[in-house]
Amino acid sequence: NSLTIITPTISQNGSVELDNEGNIDLKMSNNFPPNSFYVNKQTNNLIFFFFFYGENGNFNAIIKDKIPSLDWNFTNEESTISGYLCKKVTLNYFGRNYIIWYTEEIPTAFGPWKFNNLPGLIISLNTVDNKISFNLKKIQFNTDFKITQPTDGSLIPKEKYIQYKK
C-alpha cells in the first residue's frame, strides 16, 4: 500500500505560502487530511480523500477509482537525482505530456497520484509545460509506519466528485 498526502502550507493570515521559486509550498503528512491519495495494489484501487467546502456545508469525501494502466515510453536516458540513479520515461496521459524519472534503487512501484507501476520509485514527475510537478525533496524510511485505508468520510461516486470539483 502507498499513501501520498499533499497539502499546501497555509500562512497565519490564511493565504497559501510560496516557496523560494514562487511555487506553492506543499507539505506531506502521515495521516489523512484533505486531498490525500491511498493506493491499494492488491485491489488495484486508488482512493481519493478530499474535503469539500460547499454551499450546503462542508464534508469529507472518499472517492474510489481504479489504478489506470499507463502506456509508459521507456528511454535509455539516465541521470542522478537526489543521489539516486534514475531512468527516464515519458507519458501522454489525459492530453498532457509527462517526463518521469524513477529509480530502481528503491524497488517499489509507487509514485504520486495515479502514476504507479514502474519498476522503481518515481523521484520526479513533470509535465512538459511545467504546470504539474512532483519532485522528491526527502525520503525517510520508517518501518513502524502503518498505512490504513481512509474511512472517515462519505463515499461518493467518481462522477459526483468531478461535478463537485467543477
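**Note on salt bridges and aromatic pairs**

1. At 14% relative accessibility, Lys 88 counts as buried, where buried means under 20% relative accessible area, exposed over 50% and partly exposed in between, with a 1.4 Å probe and protein chains only. The model is predicted, so local features need pLDDT of at least 70 and side-chain atom pairs count only at pLDDT 80 or more, while totals for chains, interfaces and linings use all residues. Residues are numbered from 1 along each chain as its sequence is written, and side-chain values use heavy atoms, with hydrogens and water left out.

2. Lys 88 forms a salt bridge with Glu 77, with 3.2 Å between the closest N and O atoms; the term denotes a side-chain nitrogen of Lys or Arg within 4 Å of a carboxyl oxygen of Asp or Glu. Glu 77, at 41% relative accessibility, counts as partly exposed.

3. Strands S7 and S8 pair in the antiparallel sense over six bridges, pairing being assigned if DSSP finds at least two bridges between two strands; strands (E, at least two residues) are DSSP runs numbered from the N terminus, as are helices (H or I, at least four). Ser 79 has Cys 86 in S8 as its bridge partner, and in the hairpin of S7 and S8, with two residues between the strands, Ser 82 takes a positive phi near 55°.

4. The whole structure holds four salt bridges, and one of them joins Asp 65 to Lys 114 with the closest N and O atoms 2.9 Å apart. Because Asp 65 lies in strand S6 (residues 57-66) and Lys 114 in the loop between strand S9 (96-103) and strand S10 (121-127), the pair ties together parts that are 49 residues apart in sequence. Both Asp 65 and Lys 114 are buried.

5. Lys 87 and Glu 104 also meet through their side chains in a salt bridge, at 3.2 Å from N to O. Lys 87 is partly exposed, with a relative accessible area of 27%, and Glu 104 counts as partly exposed at 40% relative accessibility.

6. There are six aromatic pairs, counted where ring centres of Phe, Tyr and Trp (its six-membered ring) lie within 6.5 Å, with planes under 30 degrees apart taken as stacked, over 60 as edge-to-face and the rest as tilted. Among them, Tyr 93 and Phe 94 are edge-to-face, at 4.8 Å centre to centre and 85° between the planes; Tyr 93 counts as buried at 11% relative accessibility, whereas Phe 94 counts as exposed at 73%. The rings of Tyr 98 and Phe 115 have centres 4.9 Å apart and planes at 55°, so this pair is tilted.

7. Tyr 93, Phe 94, Tyr 98, Trp 113 and Phe 115 form one aromatic cluster, within which Tyr 98 and Phe 115 are buried.
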